[in-house]
Amino acid sequence: MVKQDRAVRTRKNILEAAAKIFEERGYQAATIAEVLNAAGVTKGALYFHFESKEQLAQGVLHEQDQRFVIPGRPCKIQELADVVLLHAYRLQTDPMVRAGVRLTMDQHAEGLDRSGPFLRWSVVARELLDTARSQGELLPQVVPSVTADVVVGTFAGVQSMSQTVSGYQDLQNRSSALLRHLFPSIAVPSVLASLDLSESRGEVVYEEIRSRLEQQPAAAVS
């Protein structure tokens, strides 16, 4: 058990160091040596967990989605909004998320499969929209699979613009504006009127999840 806990901590330390390097340097310029130096681990320890720089990058891409799970909402359009707005908030506060987005958007990352985050986001959005349709939340013309890709694609564009213009400082404002423009073409008026799409919503959801995690037993959190 002690060895297992140590291995978990080492892996987490390596991923956090890799996230810092990938965010600062990009995939092509980043080196294993830089990650080793930032993590303060041996080459053997790193290669025990990750066999290559590509695997390390995939680890960062996967890790950004694991830390915070949105609580289920009765209204699935609100839950979809919470997914988007929480991600916008975390991009401003979590280096792992910023590194994941940098890798996903990095068109110079030769040999790195960057499709995973886009595909996962589309699946999450489509499942929420499918449930929303079954609950009568969607307008009749909405096709969940198509709308899911539109939400993911436009949000990716907003992230890229915000990063370039302000270093993500205006991302919550831009994300809120995006949803206020998109959702009238998706949700029925009664649902639309009940939604919280405010700029502060992402932080509210973040604090809600953090509070729930703190109330869990230590074994469950780890």
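1. Helix α2 spans residues 32–39, and its residues I32, V35, L36 and A39 are buried. These residues lie on the same side of α2, because they cover an arc of only 100° around the axis. The model is a predicted one.

2. The face of α2 turned away from the buried side carries A33 and N37, which are exposed. After α2 comes G40, with a positive phi near 70°.

3. The largest nonpolar core has 42 residues. Two or more residues of this core come from each of α5 (76–93), α6 (95–105), α7 (115–134), α8, α9 (171–182) and α11 (201–215). The element that gives the most to this core is α5, with ten residues.

4. Another core, of 25 residues, lies apart from the largest one. Its members include L15, M96, A99 and L103.

5. Within the largest nonpolar core, the residues with the most contacts are I77, F183 and I186. Leaving out residues up to four places away in sequence, I77 touches L129, A132, E137, L138, F183, I186, A187, V191 and L195.

6. On the surface, a nonpolar patch is formed by V143, V146 and V150. Together these three valines have about 230 Å² of accessible area.

7. V150 counts as partly exposed because its relative accessibility is 39%, and partly exposed lies between the buried limit of under 20% and the exposed limit of over 50%.

Technical notes: Residues are numbered from 1 along each chain as its sequence is written. This is a predicted model: local features need pLDDT of at least 70, side-chain atom pairs count only at pLDDT 80 or more; totals for chains, interfaces and linings use all residues. Side-chain values use heavy atoms; hydrogens and water are left out. Patches are made of residues with over 30% relative accessible area and no salt bridge: like charges are joined within 9 Å, nonpolar side chains (Val, Leu, Ile, Met, Phe, Trp, Tyr) within 5 Å. Accessible areas come from the Shrake-Rupley method with a 1.4 Å probe; for residues, only the protein chains shown count as cover. A salt bridge is a side-chain nitrogen of Lys or Arg within 4 Å of a carboxyl oxygen of Asp or Glu. Buried means under 20% relative accessible area, exposed over 50%, partly exposed in between (1.4 Å probe, protein chains only). A nonpolar core is a set of buried Ala, Val, Leu, Ile, Met, Phe, Trp, Tyr and Cys residues joined through side-chain atoms within 4.5 Å. Helices (H or I, at least four residues) and strands (E, at least two) are DSSP runs, numbered from the N terminus. Contact means heavy atoms within 4.5 Å. The arc is that of the directions from the helix axis to the C-beta atoms.
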